[in-house]
Amino acid sequence: MISAWNELACVKRELAARDWFPGTSGNLSIKVSNKPLTCLVTVSGKDKYKETEEDFVLVDQDGKALTEQGKPSAETVIHLEVYKRTDAGCSLHVHTLDNNLISELYAEKGSITFRNVELIKAFGVLDADGELTIPIVENFADLPTLGKVVGEQISADTKAILIRNHGITVWGKNAFEAKRHLEACEFLFSYQMKLLHAKALNLKEVL
Ligand SMILES: CSC[C@@H](O)[C@@H](O)C(=O)COP(=O)(O)O
Ligand SMILES: [Zn+2]
């Protein structure tokens with residue numbers, strides 16, 4: 001569990017350096033065992049820009065705390081849905097301006113699809129005509145409900161899910177891959193927001 005703790009702490013430090021934990025938002029997890037399923041998850045409500053010895057708590061497959069660092073993330077259920085439905089080893093959840101804006105702009109479509117942008121290769125989409133589609137679900141204050149609607153969108157090849165006006169949950173087989181997927185998502189969202197802005201200003205016409 002120590003190595004898992006250190007691996008997650010490294011990712012948390014790097015995401016904090018990107019300023020991706022505004023207002024104590026965000027939660028991270030890393031799988032510790034498969035049978036039974038256990039994972040380390042960020043303790044709820046903490047300032048994730050700080051590093052302490054109580055940053056993570058070990059939980060079982062039902063989200064029950066097995067160690068005493070603190071209350072597990074309120075959104076532990078989402079991470080557990082990821083581990084129960086995929087071979088993921090690490091799951092990351094952040095709230096950024098770009099992922100919130102994209103989730104609202106494309107909510108009615110139910111998803112956003114990227115093509116002809118090099119960064120989709122970060123998801124292993126290597127064909128020239130390849131696409132990356134990220135589902136968007138409605139946000140719910142009732143977290144078991146939110147966990148259910150997120151879980152229903154997870155299939156074997158899903159790597160990320162946007163929650164409308166809330167944030168994104170992204171995963172990978174390990175912390176390195178999960179972080180790569182998250183960084184790629186946030187690049188793609190920022191690219192799309194700036195492209196929409198440039199089009200709105202007819203910038204292409206003035207070039
Ligand atoms: C404080 S606003 C963000 C929270 O409501 C929640 O969405 C979140 O991401 C962090 O919850 P947490 O219980 O600290 O893991
Ligand atoms: Zn959240």
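This is a predicted model: local features need pLDDT of at least 70, side-chain atom pairs count only at pLDDT 80 or more; totals for chains, interfaces and linings use all residues.
1. Several polar approaches to the ligand can be followed atom by atom. In the side chain of N27, an N or O atom is 3.0 Å from an oxygen atom of ligand 1, and a polar side-chain atom of H95 likewise lies 3.0 Å from an oxygen atom of the ligand. At G45 the backbone takes part, with an N or O atom that lies 2.8 Å from an oxygen atom of ligand 1. Of the 410 Å² of accessible area that ligand 1 has on its own, the protein covers 73%.

2. Turning to T158, a reader can find this residue in the loop that runs between α4 (143–152) and β7 (160–163). Is T158 buried or exposed? Its relative accessible area is 8%, and because buried means under 20%, T158 counts as buried.

3. When residues up to four places away in sequence are left aside, T158 touches P135, Q153 and W171. The side chain of T158 is also joined to the side chain of S155 by a polar contact of 2.8 Å.

Conventions. Residues are numbered from 1 along each chain as its sequence is written. Chains are lettered from A and ligands numbered from 1 in the order in which they are written. Side-chain values use heavy atoms; hydrogens and water are left out. Helices (H or I, at least four residues) and strands (E, at least two) are DSSP runs, numbered from the N terminus. Buried means under 20% relative accessible area, exposed over 50%, partly exposed in between (1.4 Å probe, protein chains only). A polar contact is a pair of N or O atoms within 3.5 Å; within protein, one must be able to donate a hydrogen and the other to accept it, and residues adjacent in sequence count only if both atoms are side-chain atoms. Contact means heavy atoms within 4.5 Å. Accessible areas come from the Shrake-Rupley method with a 1.4 Å probe; for residues, only the protein chains shown count as cover.
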